[in-house]
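Subject: Structure handover

Hello,

Please find the structure below, with its sequence. My notes on it follow.

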Amino acid sequence: MAIRVLIVDDSGFFRRRLTEIFNADPMIEVVDAAVDGKDAIAKAQTCRPDVITMDIEMPVMNGIDATREIMKVRPVPIIMFSSLTHEGAKATLDALEAGATDFLPKRFDDISNDKAEARHILCSRVKSLAQPARFARTPPPTRPVSTTAASRPGGVTTPPLRQSISPATPKAVTPAAVIKTHRAFNPSEYDLVAIGTSTGGPVALQDVLTQLPATFSLPLLLVQHMPAKFTEAFAARLNQLCKIEVREAKDNDELKPGLALLAPGGMQMRLEKRAGRMRVKITEETDPMQNYKPCVDVTFESVNSSVGKRALGIILTGMGADGREGCNTLKNSGATIWAQDETTSTIYGMPQAVANIAEQILPLKEIGKKLATNT
Amino acid sequence: MAIDLEDEILQDFLVEAGEILELLSEQLVDLEQSPEDADLLNAVFRGFHTVKGGAGFLALDPMVDCCHVCEDVFNVLRNGERAVSSGLMDCVLQGLDSVQNMFAEIQSGIDPTPADPDLLAKLKVYSVPGDNEPEDAASSAASEPVESVAEEASIPESQEVAPRDATDDEFDALLDAMDSETSESSEAPAIDGDEITEDEFEALLDNIHGKGKHGGKPEGTEEDSTPAETGQADSELISDDEFDALLDQMHGKGKGPTATGKADVAASSGGDSELISDDEFDALLDQMHGKGKGPTTGADEDSATSKPAAAKPAAQPTAAKPVAQTKPAPAKPAAPAKPAAETSVRVDTERLDDIMNLVGELVLVRNRLQTLRLNMAEGQITQAITNLDMVTADLQTSVMKTRMQPIKKVFGRFPRVVRDLSRSINKQIKLEMMGEETDLDKNLVEALADPLVHLVRNAVDHGIELPDDREKKGKPREGIVSLAATQEGDHILLTIEDDGAGMDPEVLRRKAVEKGLMDEETAARLDNKECFNLIFMAGFSTKEEISDISGRGVGMDVVKTRITQLNGSLDIDSELGKGSVLTIKVPLTLAILPTLMIALGDYTYALPLANVNEIFELETRKTNVVDGQLMVMVRDKAVPLFYLSKWLLKPGEQAASGDGKGQVIIVSVANRLVGMVTDSVIGQEEVVIKPLGAMLQGLPEFAGSTITGDGGIALIIDVPSLLKARANKGF
């Protein structure tokens with residue numbers, strides 16, 4: 001059965017373009033289009049779409065308020081269309097917090113230079129979001145709205161989403177039931193915590209980091225797949241919400257306890273240890289093999305070179321399998337890996353890819369809680 | 001990137017963006033009235049945002065850039081992080097103009113030209129929270145003492161901006177000085193430094209003159225440049241109206257090269273260089289195109305392109321102005337689709353025309369059947385024909401409705417027109433619009449656009465007084481121009497009203513005599529209303545100088561002609577000191593014409609019903625010959641009377657329609673009444689106008705022909721043309 005999509009945009013031009021693109025895919029069917037937020041809320045009820053694409057700027061009611069309302073009444077994966085600007089980033093993060101699942105640049109050229117490729121990504125994103133059974137018609141009452149409403153930032157420079165629908169791990173991995181040890185977290189065993197995430201990450205990271213006390217004794221490195229410009233706004237937002245300090249990493253920033261450095265979008269962040277001091281190197285790389293900017297693998301491998309087994313690597317929700325290589329390297333050095341569990345992941349791709357080597361597979365809420373104890 | 005006009009996606013974008021841009025110019029003007037209106041700020045923001053989105057989709061980068069920065073400005077505004085200032089509005093409006101120019105370029109298949117980086121830079125300043133203004137756009141109020149200018153003279157260069165505008169007064173003073181005596185101009189306030197050098201400006205002027213067939217290089221550059229010395233090497237940023245004034249000088253006063261020369265130097269003498277802003281440049285191009293050869297000639301295009309290069313200083317080398325930077329004509333969308341509803345389909349207007357024609361045919365057949373029915377007693381047929389009649393009428397209405405567009409299409413451009421005008425001539429004017437939703441035929445909407453623009457400009461330029469004058473008369477400083485549209489039966493009534501000075505019938509009479517349009521005696525006989533209508537006569541313009549504003553080459557007579565061509569009528573009333581009201585009456589549609597069928601000898605003719613005032617039986621005793629002209633008395637008023645038979649029938653046939661009996665049809669033409677005698681009146685009939693074939697070209701007296709209810713052919717009389725051709729004088 002085709003995936004039912006509701007398009008929400010005040011521009012008829014965009015509605016028609018999106019309809020054309022989606023209807024060209026036999027797997028997707030545009031069931032209706034709404035012209036503003038109010039209309040969207042009404043049509044989300046009547047059309048029962050599997051996925052909604054949502055514009056942010058609209059008359060009558062904007063996309064953020066509409067998203068909040070729809071998620072309250074009838075949760076459904078919502079993809080926001082954002083402008084890749086600072087303002088756009090703020091609005092998008094608001095939308096993600098309101099419950100949107102993912103976002104894509106409104107300018108399709110920003111998705112990919114190749115038009116056909118951009119269309120393909122658009123469609124596959126819709127398909128992969130429609131897949132998870134997380135959006136059951138009635139959400140499990142136990143699940144707080146904020147986690148239901150996780151999100152996946154549109155990695156602007158990330159074409160490889162095709163494989164992301166199914167878990168990218170070649171060797172299928174044991175399910176989340178295999179929670180290994182419930183060993184307590186002991187900060188003295190580690191020099192730092194590195195967290196990698198993608199789709200759903202902004203909300204998940206927020207959940208984890210807001211639980212940490214100001215006295216958290218380890219430095220953190222955060223890698224969230226996100227386009228340039230977005231990470232700055234995202235870091236600022238986290239900093240506002242968290243007790244620990246969060247900021248977008250700049251080249252040569254030194255790691256400090258209780259400071260979380262977020263890898264800047266469009267760049268790569270590497271850890272360097274010299275004379276006992278740990279600093280980050282931020283580089284703009286054009287290696288076509290790097291699918292993600294920032295890339296979890298790149299950061300995690302540098303973490304391995306610097307601190308080896310004294311690292312705690314955490315993989316949160318995300319599409320694809322970025323982080324698998326980095327975590328494997330870390331694991332081989334004796335480091336600890338945690339992964340978010342399937343139930344609370346917006347997309348159980350990246351966590352699944354490391355589930356087989358993870359010491360602990362945890363629900364989202366538990367991750368922050370666990371880190372917060374003993375510190 | 002090549003633009004493919006065949007591309008459906010592009011067309012789709014053009015339709016939507018066209019509507020948004022049209023809306024935006026309205027909203028921006030509204031915004032000046034209510035700068036705090038959050039909804040409006042949001043709407044403007046979204047407007048730019050949506051256009052940007054579409055342009056982005058099509059990779060129309062220059063458009064994206066310009067929309068983007070405008071959007072940013074409004075984002076700051078809507079977040080309350082900055083307040084609307086007049087400088088900001090100017091910039092944003094220029095930004096919109098720029099986007100509209102690109103839009104027009106895209107429409108004609110040209111790659112859009114990037115917006116002036118200068119403008120973008122200014123907008124950028126406005127897009128950051130705060131209350132700072134870009135230095136360049138600083139208010140024109142500040143006029144620094146001349147001494148300090150000397151020190152500052154070099155600063156603007158380095159800052160890449162010109163600090164101030166010349167104030168109007170200063171510029172007027174400057175021009176006055178120039179007119180009377182060149183040397184006095186040294187006293188003219190010298191203002192502000194900026195970008196292009198005098199040489200460049202002269203080159204520019206040379207260019208204009210080359211095209212304008214005026215003289216060559218102005219003389220007296222040397223003496224005129226004295227102010228530059230005494231005024232201590234300044235330069236100035238001149239604004240629209242000043243530039244307009246300058247051009248008026250050049251074109252209006254200066255038929256001879258020397259006079260023009262002086263005026264030219266007048267401008268440049270204020271300083272050694274000038275920065276020409278977009279608007280000014282537009283005005284310049286308008287001038288060139290309006291006056292001269294038109295924009296199509298290669299030469300003009302060349303000069304247009306070459307100028308920006310000269311006009312833009314080294315500081316902004318990339319600021320080449322777009323070639324197609326002609327006037328900021330509001331963009332016309334390709335089709336009347338509404339952005340909101342998906343329930344509409346786009347239909348080629350030609351197809352609608354075809355359908356309308358077919359409906360017209362159907363109407364004719366119905367007419368024929370109705371006539372036949374009268375001769376038949378058969379009940380069922382009568383019933384069927386009555387049904388057909390109803391269905392046809394409904395069909396006709398529905399088809400007509402598909403062609404309807406709200407008059408808003410035309411009205412929408414007026415807020416901007418009035419705003420720009422009132423700013424440039426320093427009047428305070430409020431525009432009120434009513435009945436914007438009134439629908440009328442698409443063709444009519446388009447045909448009315450130019451005449452209406454002219455009339456509104458006229459009301460602003462000639463009607464409303466300057467604020468000070470108004471205050472003296474005890475009126476509010478702000479004048480009101482109101483535009484209204486209403487539907488009255490099968491007509492649309494448009495009124496353009498101003499609360500300005502009104503017209504003095506005496507002045508008009510005198511003028512008419514002075515201009516040799518009529519003799520004194522005739523003029524004296526005119527009543528007030530007839531006097532007002534004098535302004536519609538060819539060659540009549542009361543303002544001494546033809547201003548750029550209302551005098552764009554078309555006079556009121558042209559307006560009149562256009563309205564008449566639309567089977568409409570035009571009327572004016574005025575009260576001295578109180579204001580004027582112009583009333584335009586046009587039919588709802590051009591496709592079907594209500595007519596009065598008349599019989600003349602063996603022939604049937606159709607008179608457009610719009611012209612017909614009344615019909616009565618001819619009574620010979622009420623007619624008199626005055627001054628060689630047969631007149632008939634209609635309620636104590638003498639109306640000239642003509643026998644149509646004398647004009648339209650061959651001498652032999654005239655015998656049949658004898659003198660002295662028949663019907664008098666009073667028609668109104670150019671607000672004058674004329675009686676026409678015909679043998680008999682058949683009745684009212686709606687007809688479809690069929691053009692006369694190629695064989696019958698050159699018969700201005702007839703607007704076309706039609707098929708009558710009884711299957712015959714009737715010629716449709718074009719009353720004004722008929723009178724013009726046959727009656728001796730005054731028409």
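**Two helices in chain B**

H20(B) and H25(B) are roughly antiparallel to each other, because the angle between them is over 145 degrees. Please keep in mind that this is a predicted model. The angle at which helix H20 (residues 442-463) of chain B packs against helix H25 (residues 556-565) of chain B is about 150°, and their axes are 10 Å apart. The crossing of H20(B) with H25(B) is left-handed.

Which residues meet there? From H20(B) come B:Ala447, B:Pro451, B:His454 and B:Leu455, and from H25(B) come B:Val559, B:Arg562 and B:Ile563. By type, the residues of this contact are 5 nonpolar, 1 polar and 1 charged.

**The two chains**

Chain A has 13 helices and 14 strands. It has 375 residues, of which 56% count as buried. Chain B has 28 helices and 21 strands. It has 731 residues, of which 44% count as buried.

In chain A, take the contacts between residues at least 6 apart in sequence: 76% of them join residues at least 24 apart. For chain B, the figure for such contacts is 73%.

Where the chains touch, 16 residues of chain A are in contact with 17 residues of chain B. On the chain A side, helix H1 (12-23) and helix H5 (108-111) each supply at least two residues. H1(A) gives the largest share of that side, with 5 residues. The chain A side divides into 6 nonpolar, 2 polar and 8 charged residues.

**A sheet in chain A**

In chain A, 7 strands form an open sheet with parallel pairing, in the order E8-E9-E7-E6-E12-E13-E14. Which strands stand at the edges? They are strand E8 (245-248) and strand E14 (360-362) of chain A; each has a single partner strand, so one side of each is left without a neighbour in the sheet. On average, neighbouring strands of this sheet are turned by 20° against each other, direction ignored.

Within this sheet, strand E6 (residues 192-197) and strand E7 (residues 220-224) of chain A run parallel and are joined by 5 bridges. At one point in this pairing, A:Ala194 stands opposite A:Leu221 in E7(A). Helix H11 (residues 324-333) of chain A packs on the sheet, where it touches strand E12 (311-315) and strand E13 (336-340) of chain A. The direction of H11(A) makes about 150° with that of E12(A).

A:Lys309 is in the loop between helix H10 (296-307) and E12 of chain A. Is A:Lys309 buried, exposed or partly exposed? A:Lys309 has 15 other C-beta atoms within 10 Å, so it counts as partly exposed. Leaving out residues up to four places away in sequence, A:Lys309 touches A:Ser333, A:Gly334 and A:Ala335. A:Lys309 and A:Thr336 are 27 residues apart in sequence, and their C-alpha atoms are 7.2 Å apart in space.

**A sheet in chain B**

In chain B, 5 strands form an open sheet with mixed pairing, in the order E19-E11-E12-E21-E20. Strand E19 (680-688) and strand E20 (702-707) of chain B are at the edges; each has a single partner strand, so one side of each lacks a neighbour in the sheet. From one strand to the next, the twist averages 35°.

Strand E11 (residues 592-600) of chain B and E19(B) run antiparallel, joined by 8 bridges. B:Leu593 stands opposite B:Val687 in E19(B). Helix H16 (residues 349-374) of chain B packs on the sheet and touches E11, E19 and E20 of chain B. The direction of H16(B) makes about 145° with that of E19(B).

**Backbone points to look at**

Most residues other than glycine have a negative phi, and most peptide bonds are trans.

- A:Lys293 and A:Pro294 are joined by a cis peptide bond, with omega about 5°. A:Pro294 is in the loop between strand E11 (277-283) and H10 of chain A.
- B:Arg635 has a positive phi, near 45°. This residue lies in the loop between strand E15 (629-634) and strand E16 (637-643) of chain B. B:Arg635 has 6 C-beta neighbours inside 10 Å, so it counts as exposed.
- B:Asp636 has a positive phi of about 65°. It is found in the loop between E15 and E16 of chain B. B:Asp636 counts as exposed because it has 5 C-beta neighbours inside 10 Å.

Regards

Terms used. Residues are numbered from 1 along each chain as its sequence is written. Chains are lettered from A and ligands numbered from 1 in the order in which they are written. This is a predicted model: local features need pLDDT of at least 70, side-chain atom pairs count only at pLDDT 80 or more; totals for chains, interfaces and linings use all residues. Axes are lines fitted to C-alpha atoms, for helices over the stretch in contact, and angles run from 0 to 180 degrees between N-to-C directions. Helices (H or I, at least four residues) and strands (E, at least two) are DSSP runs, numbered from the N terminus. Angles under 35 degrees count as roughly parallel, over 145 as roughly antiparallel, 65 to 115 as roughly perpendicular and the rest as oblique. A crossing is left-handed if the near helix is turned anticlockwise from the far one by less than a right angle, and right-handed if clockwise. Two residues are in contact if their C-beta atoms, placed from the backbone, lie within 7 Å. Ala, Val, Leu, Ile, Met, Phe, Trp, Tyr, Cys and Pro count as nonpolar, Asp, Glu, Lys and Arg as charged, and the others, Gly among them, as polar. A residue is buried if 20 or more other C-beta atoms lie within 10 Å of its own, exposed if 12 or fewer, and partly exposed in between; C-beta atoms are placed from the backbone. Two strands pair if DSSP finds at least two bridges between them.
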